[in-house]
Amino acid sequence: MTKLRAIVTGGAGFLGSHLCDAVLAEGHSVVAVDNLLTGNATNLEHLRHEPRFELRRVDICEPFDCGKVDYVFHLASPASPVDYTIHGIPTLRVGSVGTFNALEVARKYGAKFFLSSTSECYGDPEEHPQKESYWGHVNPIGPRSVYDEAKRFSEAATVAYRRYHKLETRIVRIFNTYGPRMQINDGRVVPNFMKQALRGEELTVYGDGKQTRSFCYVADEIDGLLRLAWSQEPGPVNIGNPSEFTILECAQKVLQVTGSKSQIKFLPLPPDDPKQRRPDISKARSILGWEPKVDLETGLKFSLDYFRQAVKELAAANSRGAR
Ligand code: NAD
Ligand code: UDP
């Protein structure tokens, strides 16, 4: 394959940094652009001496230009419910103005454009499992709307550039993904439960814990993203693991993998929290030949060292703060 120069917006984030690694591993060059709102430059520390890589600290809500590129991977956006609740307006802005700016970069250089969209486009779904053809059930004025509607807008903008400007585009709808480099305090269920279990604190299950999610290990997710990127398929394509768990089952898995004796405590369910979520991945299977390989227990085991280290670093940072 010809060697490409790619931009990864949100490259210092959890998925963005893994995507940078995967694109570099195929021999291409990468410019990560990130304003470090919810990401962390330490996710890219190991690439400090890589000549085919650079990190630029850029807020993509302002027009940006990193020179000629062949591919724009657009991942920049807060992604955890806690993060996008704190950063509501920046989330709406990066999904709208930021997406336009990223699309304009692709248009200027005739580059391909890849949008990381989300299962949140389906909202609190009334169709189960969710196929790409389902239009969703989103509350446009609820607390999650800053994220859900920004992503739905991003999809609309992406297909409009395809339709009107003949841009080569791809849209992936990512379902809950976990693994090393998730921020320990980002409030998502896997980092929360891992942190609580490793510290011997109670695991906080919201609601009755019967709501479901389907968790994909990061290596599987990135494999699916790249297969889509290099394919001719515009999408949207669901990429996620179809094994569905209640949140209580997820808590039990974390306790089992960590060997923790923590108890479970129940807290109120946040408003509009989707009751069920599972991807139908027939499209990814048939078009991309993709399906996940890592089950939840194995993926949690693969992630354990990272979360142990993150918990240690958090404790050290907290004790420095207390002094
Ligand atoms: P993350 O918060 O770790 O990464 C997002 C990155 O975007 C961060 O590094 C952040 O600093 C950066 N960013 C935010 N606003 C920016 C701006 N204005 N300019 C430049 N950079 C900006 O989250 P993640 O889990 O890695 O998610 C990455 C993408 O994948 C997001 O688009 C998210 O919607 C999508 N996604 C993720 C999941 C998941 O389970 N991880 C699920 C569905 C969709
Ligand atoms: N959740 C939970 N305890 C936590 C964090 C999350 O019970 O400490 C639940 C949350 O209410 C949701 C599910 O776990 O039902 C997944 O939450 P997450 O924030 O990871 O992602 P979401 O899929 O909601 O975007």
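Around ligand 2, the shell of the protein holds six nonpolar, five polar and six charged residues. In this grouping, Ala, Val, Leu, Ile, Met, Phe, Trp, Tyr, Cys and Pro count as nonpolar, Asp, Glu, Lys and Arg as charged, and the others, Gly among them, as polar. Before going on, please note that this is a predicted model, in which local features need pLDDT of at least 70 and side-chain atom pairs count only at pLDDT 80 or more, while totals for chains, interfaces and linings use all residues. Residues are numbered from 1 along each chain as its sequence is written, chains are lettered from A and ligands numbered from 1 in the order in which they are written, and side-chain values use heavy atoms, with hydrogens and water left out.

**Ligand 2**

Which residues come closest to ligand 2? Of the 17 residues that surround ligand 2, the closest are T204, Y206, R213, D273 and R277; a residue belongs here if one of its heavy atoms lies within 4 Å of the molecule. Helix α5 (189-199) and strand β8 (203-206) each give at least two residues to this shell. Helices (H or I, at least four residues) and strands (E, at least two) are DSSP runs, numbered from the N terminus.

The table lists polar contacts of both ligands, meaning pairs of N or O atoms within 3.5 Å.

| Residue and its atom | Ligand and its atom | Distance |
|---|---|---|
| V189, backbone N or O | ligand 2, oxygen | 2.8 Å |
| N192, polar side-chain atom | ligand 2, oxygen | 2.8 Å |
| T204, polar backbone atom | ligand 2, nitrogen | 2.6 Å |
| G39, backbone N or O | ligand 1, oxygen | 3.1 Å |
| L75, polar backbone atom | ligand 1, oxygen | 2.7 Å |
| S77, polar backbone atom | ligand 1, oxygen | 3.3 Å |

On its own, ligand 1 has 820 Å² of accessible area, and the protein covers 96% of that; such areas come from the Shrake-Rupley method with a 1.4 Å probe.

**Ligand 1**

The shell around ligand 1 is made of 30 residues, with D34, T38, L75, Y147 and K151 the closest. By class, 15 are nonpolar, 11 polar and four charged. Which element gives the largest share of this shell? Strand β5 does, with three residues.

**The sheet and its helices**

Let us turn to the fold. Seven strands form an open sheet in the order β3-β2-β1-β4-β5-β6-β11, with parallel pairing; two strands pair if DSSP finds at least two bridges between them. Neighbouring strands are turned against each other by 20° on average, direction ignored. Within the sheet, β1 (residues 5-9) and β4 (residues 71-74) run parallel and are joined by four bridges, and I7 stands opposite V72 in β4.

Helix α4 (residues 145-165) lies across β5 and β6 (169-174), at about 155° to β5. Contact here means heavy atoms within 4.5 Å, and angles run from 0 to 180 degrees between N-to-C directions of axes, which are lines fitted to C-alpha atoms, for helices over the stretch in contact.

**Backbone details in the loops**

The peptide bond between H128 and P129 is cis, with omega about -10°; P129 sits in the loop between β5 and α4. Another cis bond runs from G235 to P236, with omega near 0°, and P236 is in the loop between α6 (218-230) and β11. Finally, L36, a residue other than glycine, has a positive phi near 60°.

Note on methods: Polar contact = N/O pair within 3.5 Å; in protein donor to acceptor, adjacent residues only side chain to side chain.
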